[in-house]
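Visitor: I would like to learn how to read the features of a model like this one. Could you take me through it step by step?

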Amino acid sequence: MDKEERAAFTTPEGSFEPTVMFFGLTNSPATFQAMMNELLRDLINMGKVAVFINNVIVGTEDEEGHDELVAEVIKRLEENNLYVKPEKYKWKVREIVMIDASWSQHGRG
């Protein structure tokens with residue numbers, strides 16, 4: 001088994017094998033992904049949020065709903081001693097591409 005296979009993690013969008021170990025700890029990507037999936041499970045299952053390790057994509061059809069959902073995600077993270085990095089934010093964009101997949105206001109494309 002090579003390094004990429006050992007660092008593989010699963011999301012509702014599929015399985016991924018990173019080429020770089022994110023934290024330097026054994027199994028940390030898979031463990032962190034599982035924790036994020038659990039914290040945001042209901043939002044993920046509704047198709048409003050996608051999580052890829054430490055990247056959270058929030059997708060809504062209107063701005064008001066978007067602001068409310070972002071506030072809910074941040075609240076859950078803070079309640080679990082997690083924080084967000086403002087310099088990583090991309091606010092209210094129409095489309096985002098990550099890990100060879102794109103999301104827009106119409107969902108995953």
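Visitor: Which residues form a negative surface patch?

Guide: Glu61, Asp62, Glu64 and Glu68 form that patch. As a general idea, a patch is made of residues with over 30% relative accessible area and no salt bridge, where like charges are joined within 9 Å and nonpolar side chains (Val, Leu, Ile, Met, Phe, Trp, Tyr) within 5 Å. Asp and Glu count as negative and Lys and Arg as positive, while His and the chain ends are not counted. The place of a charge is NZ of Lys, CZ of Arg, CG of Asp or CD of Glu. Before we go on, note that this is a predicted model, in which local features need pLDDT of at least 70, side-chain atom pairs count only at pLDDT 80 or more, and totals for chains, interfaces and linings use all residues. Residues are numbered from 1 along each chain as its sequence is written, and side-chain values use heavy atoms, with hydrogens and water left out.

Visitor: Where is Asp62 placed?

Guide: Asp62 lies in the loop between strand E4 (55-58) and helix H4 (63-79). Helices (H or I, at least four residues) and strands (E, at least two) are DSSP runs, numbered from the N terminus. The protein has four helices and seven strands, and from the N terminus on they run α-β-β-α-α-β-β-α-β-β-β.

Visitor: Why does Asp62 count as partly exposed?

Guide: Because its relative accessibility is 46%. Buried means under 20% relative accessible area, exposed over 50%, and partly exposed in between (1.4 Å probe, protein chains only). The areas come from the Shrake-Rupley method, and for residues only the protein chains shown count as cover. Of the 109 residues in the protein, 31% are buried.

Visitor: Which residue pairs with Arg41 in a salt bridge?

Guide: Side chains of opposite charge can pair when their charged atoms come close. The criterion is a side-chain nitrogen of Lys or Arg within 4 Å of a carboxyl oxygen of Asp or Glu. Arg41 pairs with Glu38, with the closest N and O atoms 3.0 Å apart. Arg41 is partly exposed at 38% relative accessibility, and Glu38 is exposed at 52%. The structure holds five salt bridges.

Visitor: Which residues are linked in a network of salt bridges?

Guide: The network links Asp42, Glu72, Lys75, Arg76 and Glu79. Within it, Arg76 and Asp42 form a salt bridge with their closest N and O atoms 2.6 Å apart. This pair links distant parts of the chain, with Arg76 in helix H4 and Asp42 in helix H3 (residues 41-45), 34 residues apart. Arg76 is buried at 15% relative accessibility, whereas Asp42 is partly exposed at 39%. Lys75 and Glu79 also meet in a salt bridge (3.6 Å, N to O). They are four residues apart in helix H4, so about one helical turn separates them.

Visitor: Is Gln33 buried or exposed?

Guide: Gln33 is buried, because its relative accessible area is 1%. Gln33 sits in helix H2 (residues 28-39).

Visitor: What does the side chain of Gln33 make a polar contact with?

Guide: A polar contact is a pair of N or O atoms within 3.5 Å; within protein, one must be able to donate a hydrogen and the other to accept it, and residues adjacent in sequence count only if both atoms are side-chain atoms. Here the partner is the side chain of Asn37, at 2.8 Å. The Gln33 side chain also reaches the backbone oxygen of Val51 at 3.1 Å.

Conventions: Areas by Shrake-Rupley, 256 points an atom, 1.4 Å probe, with all protein chains shown as cover.
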